[in-house]
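Please read the numbered points with the sequence and the model in view.

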Amino acid sequence: MLPHQDWNKVSFTGPVGKAKKGEKAVQDAHRKGQEVETVRKHGAGNANRAPPVNMRKLADDDDVVPVAELPHEFRMAMQKARVAANLSQADLAKRINEKQSVVNDYENGRAIPNPQVIVKIERALNCRLPRPPKEKKLKQNEDI
């Protein structure tokens, strides 16, 4: 044996390359005789985060927002145009690909105005119906 050569046994421990995660990595480490400490994390994820700033504002908000209604002129004009075109509510509903209850709700004023449905009704009846007034949106910074 030469004096500059070391023939003692050398063992390497620890991960070579990428570290393994999960239960399999723990089992492999136990097989190799390594000491492993596992810690369970409770409440991980969003549990430790503070609630959004607006959350209290939303929780305290008791305002009742009025729902837009169809004006009487719209309902009467729609009904007159449908009768003039010799269509029943069911026929009009088929033409606009909606349920008959939707047409009935629009004629009776129970529906919440949807511009897409109104445009479909106008095309099917080949007329222009009076539009319901647009809702005024409040600015975010404006206090009531």
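1. Helices (H or I, at least four residues) and strands (E, at least two) are DSSP runs, numbered from the N terminus. In these terms, R82 has its place in helix α3. The model is predicted, so that local features need pLDDT of at least 70 and side-chain atom pairs count only at pLDDT 80 or more, while totals for chains, interfaces and linings use all residues. Residues are numbered from 1 along each chain as its sequence is written, and side-chain values use heavy atoms, with hydrogens and water left out.

2. Overall make-up. The protein chain contains six helices and zero strands, and its pattern along the sequence reads α-α-α-α-α-α. Of the 144 residues in the protein chain, 19% are buried, where buried means under 20% relative accessible area, exposed means over 50% and partly exposed lies in between (1.4 Å probe, protein chains only). Contact means heavy atoms within 4.5 Å. Among contacts in the protein chain with a separation of 6 or more, 51% are between residues 24 or more positions apart.

3. Helices α3 and α5. Two packed helices are described by the angle between their axes and the distance between the axes. Axes are lines fitted to C-alpha atoms, for helices over the stretch in contact, and angles run from 0 to 180 degrees between N-to-C directions. For helix α3 (residues 72-84) and helix α5 (residues 100-108), the angle is about 130° and the axes are 7 Å apart. The two helices α3 and α5 are therefore oblique to each other; angles under 35 degrees count as roughly parallel, over 145 as roughly antiparallel, 65 to 115 as roughly perpendicular and the rest as oblique. On the α3 side the contact is made by F74, R75, M78, Q79 and R82, and on the α5 side by V103, Y106, E107 and N108. These residues of the contact of α3 with α5 comprise four nonpolar, two polar and three charged. For these classes, Ala, Val, Leu, Ile, Met, Phe, Trp, Tyr, Cys and Pro count as nonpolar, Asp, Glu, Lys and Arg as charged, and the others, Gly among them, as polar.

4. Helices α4 and α5. Here the packing angle is about 115°, with the axes of α4 and α5 8 Å apart. That makes α4 roughly perpendicular to α5. The crossing of α4 past α5 is right-handed; a crossing is left-handed if the near helix is turned anticlockwise from the far one by less than a right angle, and right-handed if clockwise. From α4, Q89, A90, L92, A93 and I96 meet Q100, V103, N104 and E107 of α5. By class, this contact of α4 with α5 has five nonpolar, three polar and one charged residues.

5. Helices α4 and α6. The axes of α4 and α6 are 9 Å apart, at an angle of about 110°. That makes α4 roughly perpendicular to α6, and the crossing of α4 and α6 is right-handed. L92, R95 and I96 in α4 meet K120, I121, A124 and L125 in α6. The contact of α4 with α6 has five nonpolar, no polar and two charged residues.

6. Residues R82 and Q89. Is R82 buried or exposed? At 10% relative accessibility, R82 counts as buried. Leaving aside neighbours within four places in sequence, R82 is in contact with L87, S88, Q89, L92, E107 and L125. Q89 lies in helix α4 (residues 89-96) and counts as buried at 16% relative accessibility. With neighbours within four places in sequence again left aside, the contacts of Q89 are R82, Q100, V103, N104 and E107. The side chains of Q89 and Q100 are joined by a polar contact of 3.1 Å. A polar contact is a pair of N or O atoms within 3.5 Å; within protein, one must be able to donate a hydrogen and the other to accept it, and residues adjacent in sequence count only if both atoms are side-chain atoms.

7. Residues outside the helices. N97, in the loop between α4 and α5, has a positive phi of about 60° although it is not a glycine. N97 is exposed, with a relative accessible area of 66%. N126 lies in the segment after α6; although not a glycine, N126 has a positive phi of about 55°, and N126 is exposed at a relative accessible area of 71%. N114, in the loop between α5 and α6 (115-125), is partly exposed, with a relative accessible area of 30%. The C-alpha atoms of N114 and A68 are separated by 9.9 Å, with the two residues 46 residues apart along the chain.
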